[in-house]
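Welcome to a short walk through one protein.

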Amino acid sequence: MPVRHLKTGKPAADRADDDAKVRAVVEATLKDIEERGDAAVRALSEKFDRFSPPSFLLSPSEIEAAMNRVSERDMADIRFAQKQIRNFAQVQRDSMKDVEVETYPGVILGHRNIPVQSVGCYVPGGKFPMVASAHMSVLTASVAGVPRIVAAAPPQKGEPHPAIVAAMHMGGAHEIYVLGGMQAVGAMALGTQTIRPVDMLVGPGNAFVAEAKRQLYGRVGIDLFAGPTETMVIADETVDAEMCATDLLGQAEHGYNSPAVLVTNSERLARGTLAEIDRLLSILPTAETAAVSWRDYGEVIVCDTYEEMLDVANDIASEHVQVMTDRDDWFLEKMHSYGALFLGPRTNVANGDKVIGTNHTLPTRKAGRYTGGLWVGKFIKTHSYQKVVTDAAAAEIGAYCSRLCLLEGFVGHAEQANVRVRRYGGRNIPYGAAAE
């Protein structure tokens with residue numbers, strides 16, 4: 001039988017219309033920030049957050065005051081999460097080695113791993129203050145050795161969110177701004193009269209933040225193109241409907257447009273999960289949000305074989321992929337397009353979002369086909385270098401270079417090689433001629 005959809009989401013055309021509206025708003029907003037700087041940022045903060053302090057930059061005393069409002073239990077939990085994330089990020093950083101090798105007698109090639117010099121880390125607020133996003137961006141940049149880390153998050157009820165400020169500060173932020181949405185991303189990337197621009201933007205956000213990063217890409221670097229949170233559950237009858245439904249709704253509550261997809265080879269499990277989702281939505285405190293996401297973006301796909309499940313999963317390339325089958329390691333070996341894998345029923349996406357140690361800023365909208373998620377390496381630029389250290393090598397490599405340049409018609413290029421052949425090889429080569 002062909003792959004069957006027991007439930008589908010909104011048509012792609014409807015989503016494209018939504019995207020076009022967001023693009024137009026973001027384009028006008030970024031232009032305003034570029035032209036008016038601080039005045040535009042303040043006006044946007046007043047409009048969207050009803051927040052207009054003397055300075056959006058927190059002073060050391062304001063940071064201390066915010067942190068003093070965080071309970072000891074919450075501080076301990078933040079420290080635990082940051083320890084796990086720091087440990088894994090450091091292992092990743094240690095795996096990145098500078099190299100230098102003599103590839104030909106007298107020719108030395110190498111590369112150096114150099115941190116990006118300034119990074120803007122956006123931490124979403126919105127309905128849910130994303131404390132964990134501070135760990136994922138700020139702390140990871142710190143492990144990478146970024147010398148200037150700027151962090152921004154929207155106010156909550158007219159003031160900085162204490163736990164977010166604590167996580168930013170403990171993670172290693174050098175500047176903390178109480179700014180949200182497009183105005184935060186635009187200010188960090190474009191710069192204003194009071195905010196120096198950064199070289200790179202990272203961090204998740206709503207559709208407007210994601211689109212702002214897309215439009216700013218090129219002027220600054222970004223971690224990845226990200227859209228609303230996505231989740232997929234790949235399951236067979238080794239797990240039950242409650243587990244599948246819980247994992248789907250656990251991510252659908254992120255927003256009104258968060259895709260959640262079940263891929264299974266069991267129609268019984270598929271129908272049971274649909275019924276269980278209805279039951280859980282009747283008791284879930286965040287059902288107002290999760291129910292809309294599930295209605296508009298939820299999918300249930302029934303396949304006949306594990307190979308079909310694999311093909312469907314790789315084609316969708318979901319951000320989070322929860323695998324609960326009798327062959328989880330087979331999916332680990334075969335999956336090639338996704339954000340992050342969560343293997344086995346004891347694992348869950350929330351672990352990765354908050355505490356386990358991997359980074360939760362991940363590719364969406366099929367970007368997992370060509371990139372992984374945020375990690376310490378995203379903050380590192382790998383730069384090559386070369387040295388020719390003997391006369392013989394300069395003459396020998398130069399002769400090859402001369403001929404290959406003239407093969408392409410680049411006489412000026414060829415002369416760069418020829419002048420070395422003349423000086424270090426003692427050979428009389430007419431100007432613009434190929435070295436023999």
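Begin with the cartoon as a whole: the protein has 16 helices and 14 strands (DSSP runs numbered from the N terminus, with helices being H or I of at least four residues and strands E of at least two). This is a predicted model, where local features need pLDDT of at least 70 and side-chain atom pairs count only at pLDDT 80 or more, while totals for chains, interfaces and linings use all residues. Residues are numbered from 1 along each chain as its sequence is written, and side-chain values use heavy atoms, without hydrogens and water.

Now zoom out. The C-alpha trace spans about 90 × 65 × 45 Å along its principal axes. Of the 436 residues, 50% count as buried (buried is under 20% relative accessible area, exposed over 50%, partly exposed in between).

Next, select Tyr-217, Phe-225 and Tyr-370, which make a nonpolar surface patch of about 350 Å². Members of a patch have over 30% relative accessible area and no salt bridge; nonpolar side chains (Val, Leu, Ile, Met, Phe, Trp, Tyr) are joined within 5 Å, like charges within 9 Å. A salt bridge here is a side-chain nitrogen of Lys or Arg within 4 Å of a carboxyl oxygen of Asp or Glu.

Stay with Tyr-370, in the loop between α14 (349-354) and β14 (380-388). Tyr-370 is exposed, at 54% relative accessible area. That loop between α14 and β14 also holds Lys-366, a non-glycine residue with a positive phi of about 70 degrees. Lys-366 is partly exposed, at 32%.

For another positive phi, go to Arg-50: the value is near 50 degrees, and this residue is not a glycine either. You will find Arg-50 in the loop between α2 (38-49) and α3 (60-67), exposed with a relative accessible area of 77%.

Finally, select Thr-286, in the loop between α10 (267-281) and α11 (287-297). Is Thr-286 buried or exposed? Thr-286 is buried, because its relative accessible area is 19%. Show Phe-128 and Glu-253 too: leaving aside neighbours within four places in sequence, Thr-286 is in contact with both (contact means heavy atoms within 4.5 Å).

Definitions and conventions
Accessible areas come from the Shrake-Rupley method with a 1.4 Å probe; for residues, only the protein chains shown count as cover. Buried means under 20% relative accessible area, exposed over 50%, partly exposed in between (1.4 Å probe, protein chains only).
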